[in-house]
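Dear colleague,

Please find below the structure that I am handing over to you, followed by an account of what was found in it.

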Amino acid sequence: VDSYAFRSCAALKSIRLDNVSSLGTFVFQGCVSLESVALPLISDIPAFTFSECMMLGKVEFAKNITSVGAYAFYSCDLFEGLEITPSVKSIGDFAFGKCEKIKSVKIPSTLEKIGMGIFYSSGVESAVIDDGFTSVPQRMFDSCKRLSSVTLPKSIEVISASAFAECVSLKDVGELPNLKRVETCAFSGCRELTRIYIGSNDTTVAAGTYYGCDAIIDIVIPSRIKNIEAMAFAYCTRLNSVSFEEGTEYISSNAFSGCTKLTKLTLPETLNIISSGAFSGCTKLYDLSVPEGVIYIGANAFESTKWLLNQKDDFVVAGDGVLIQYQGKETAILTIHSTVKRLPAYCIADASATISTIIVPSSVEYIAKNAFAKKVKTQSSTGEAVTSYRIRYVTICAKKGTYAEAFSNHDYYTFEELK
């Protein structure tokens with residue numbers, strides 16, 4: 001049967017093809033009324049064969065199926081799946097995606113090739129992967145919201161990107177003694193997950209890996225982890241303890257943002273960079289120690305934390321002289337405090353819009369391009385409040401030969417020598 005032969009035949013309810021030994025792609029795709037199919041000689045199910053056959057519940061194939069193509073049963077709401085026997089050697093991308101009636105799956109070691117997202121957003125409640133596999137493929141169980149039981153073999157070395165993302169009922173995946181790598185968003189949105197997994201070869205906690213994992217209460221970051229990437233632990237709303245072994249150097253944007261139960265934090269002495277929004281929205285964080293070796297703190301890194309709200313000085317400085325925020329009185333001439341060595345982006349954004357001159361001491365060694373930008377609040381076309389930043393056109397007053405003089409060469413600044 002050629003490709004597209006019955007595609008979108010909306011009235012077709014049942015078909016039996018006893019003598020057909022091969023199919024093209026998309027043969028029954030979009031046959032929304034198709035309920036039963038008998039293809040007793042078919043052992044190779046091509047891509048998109050039954051995709052979007054929402055009523056398909058009864059199928060008959062040859063007993064020795066060898067392959068299931070990409071999207072072959074995608075969005076077949078009533079399809080309860082097929083047994084993956086030793087004869088099946090490959091399953092393509094999203095082959096059983098959005099098959100809500102599939103409840104239990106077992107992946108035999110004889111399966112040689114597994115595509116991405118083969119059970120994406122399906123009704124799978126339990127899964128077993130046999131010994132021999134070394135990785136959980138990308139997006140394999142992504143958005144399987146009923147998945148609560150997973151048995152992985154001890155041979156697993158890699159949990160691929162988004163492998164268990166949005167599995168909101170999943171608590172853990174057991175002990176994995178040979179785990180080497182956990183990729184981006186592997187457990188993102190697993191709201192019942194109670195522990196974290198870090199591979200023996202991991203030097204980073206990948207972006208979004210544990211985003212929105214509400215049930216994680218405490219974590220230990222081992223010394224081999226150098227970077228915690230963007231949103232890695234964001235919105236872990238029950239997280240109340242984070243322990244760093246010495247070794248972490250970089251905490252990326254929004255890595256811990258929205259961790260509303262986090263109260264105390266001692267950062268490692270090895271830390272160099274805290275990026276924008278790293279701990280923003282950690283509203284109960286009041287006890288914080290920023291190591292002297294931190295040379296950069298991004299915009300809004302500690303926004304809405306009790307620690308920042310409790311700061312009384314006009315210039316909030318942490319780490320190696322990094323200015324986090326200016327919160328002094330309105331003035332036309334702003335004199336940067338002598339304890340400041342580094343001016344990161346937007347560090348005086350909340351200062352008076354009337355500032356016309358900034359006096360920069362010789363202690364300053366670094367000024368970010370947008371360090372002197374101002375915050376501007378406007379309304380969108382729908383009436384919503386919008387915050388943006390604009391460059392201030394100011395005079396920079398400093399001694400000759402300093403970093404500030406070189407920085408003032410930007411088009412929107414003028415330089416005045418400080419006598």
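**Salt bridges**

The side chains of Arg16 and Asp18 come together in a salt bridge, with an N to O distance of 2.7 Å. Please bear in mind throughout that the model is a predicted one. Asp18 has a relative accessible area of 38% and is therefore partly exposed.

In total, the structure contains 14 salt bridges. Another of them joins Lys103 to Glu125, whose closest N and O atoms are 3.9 Å apart. This pair connects distant parts of the chain, 22 residues apart: Lys103 sits in the loop between β6 (90–91) and β7 (104–107), and Glu125 in the loop between β8 (113–114) and β9 (126–129). Lys103 is partly exposed, because its relative accessibility is 33%. Glu125, with a relative accessible area of 34%, is likewise partly exposed.

A further salt bridge is formed by Lys341 and Asp320, with 2.8 Å between the closest N and O atoms. Lys341 belongs to the loop between β25 (333–335) and β26 (342–343), and Asp320 to the loop between β23 (315–318) and β24, so the pair ties together parts that lie 21 residues apart in sequence. Lys341 has a relative accessibility of 23% and so counts as partly exposed. Both residues also belong to a network of salt bridges that links Asp320, Lys341, Arg342 and Glu365.

**The largest pocket**

The largest pocket holds about 340 Å³ of space. Its lining is made up of 24 residues, of which Asn300, Glu303, Leu308, Gln325 and Asp350 are the closest to the centre. Two elements, α1 (306–309) and β24 (322–326), each contribute at least two residues to this lining. Of the two, β24 gives 4 residues, which is the largest share of the lining. By residue class, the lining of the largest pocket consists of 16 nonpolar, 5 polar and 3 charged residues.

**The cavity**

A search of the whole structure gives 1 cavity of 30 Å³ or more. The volume of the largest cavity is about 40 Å³. Its lining is formed by Val182, Tyr197, Ile198, Asp202, Thr204, Val205, Ala206, Thr209, Tyr210 and Ile225. These lining residues comprise 7 nonpolar, 2 polar and 1 charged.

**A nonpolar surface patch**

On the surface, Val32, Met54, Met55 and Leu78 make up a nonpolar patch, and their accessible area together is about 290 Å². Of these residues, Met55 is found in the loop between β3 (44–45) and β4 (58–60). Met55 counts as partly exposed because its relative accessibility is 39%.

**Backbone and individual loop residues**

Two residues deserve a note on their backbone angles. Most residues other than glycine have a negative phi. Phe94, however, is not a glycine and has a positive phi, near 55°. Phe94 lies in the loop between β6 and β7, and its relative accessible area of 8% means that Phe94 is buried, the limit being under 20%.

Ser121 also has a positive phi near 55° and is a residue other than glycine. Ser121 is located in the loop between β8 and β9. With a relative accessible area of 24%, Ser121 is partly exposed.

Finally, Phe133 is placed in the loop between β9 and β10 (135–136). The relative accessible area of Phe133 is 12%, so this residue is buried. Phe133 and Gly189 are separated by 56 residues in sequence, and their C-alpha atoms are 25 Å apart in space.

**Points to view in the model**

The lining of the largest pocket could follow, with Asn300, Glu303, Leu308, Gln325 and Asp350 the closest to its centre. The positive phi values of Phe94 and Ser121 could then be viewed in turn.

Yours sincerely

Key: Residues are numbered from 1 along each chain as its sequence is written. This is a predicted model: local features need pLDDT of at least 70, side-chain atom pairs count only at pLDDT 80 or more; totals for chains, interfaces and linings use all residues. Side-chain values use heavy atoms; hydrogens and water are left out. On a 1 Å grid over the protein atoms alone, a cavity is a set of points where a 1.4 Å probe fits but cannot get out, and a pocket is an open set with protein on both sides within 12 Å along at least five of seven lines; lining residues have an atom within 4 Å of a point. Grid points are joined across faces, edges and corners, and a volume is the space filled by probe spheres set on the points. Ala, Val, Leu, Ile, Met, Phe, Trp, Tyr, Cys and Pro count as nonpolar, Asp, Glu, Lys and Arg as charged, and the others, Gly among them, as polar. Patches are made of residues with over 30% relative accessible area and no salt bridge: like charges are joined within 9 Å, nonpolar side chains (Val, Leu, Ile, Met, Phe, Trp, Tyr) within 5 Å. Accessible areas come from the Shrake-Rupley method with a 1.4 Å probe; for residues, only the protein chains shown count as cover. A salt bridge is a side-chain nitrogen of Lys or Arg within 4 Å of a carboxyl oxygen of Asp or Glu. Buried means under 20% relative accessible area, exposed over 50%, partly exposed in between (1.4 Å probe, protein chains only).
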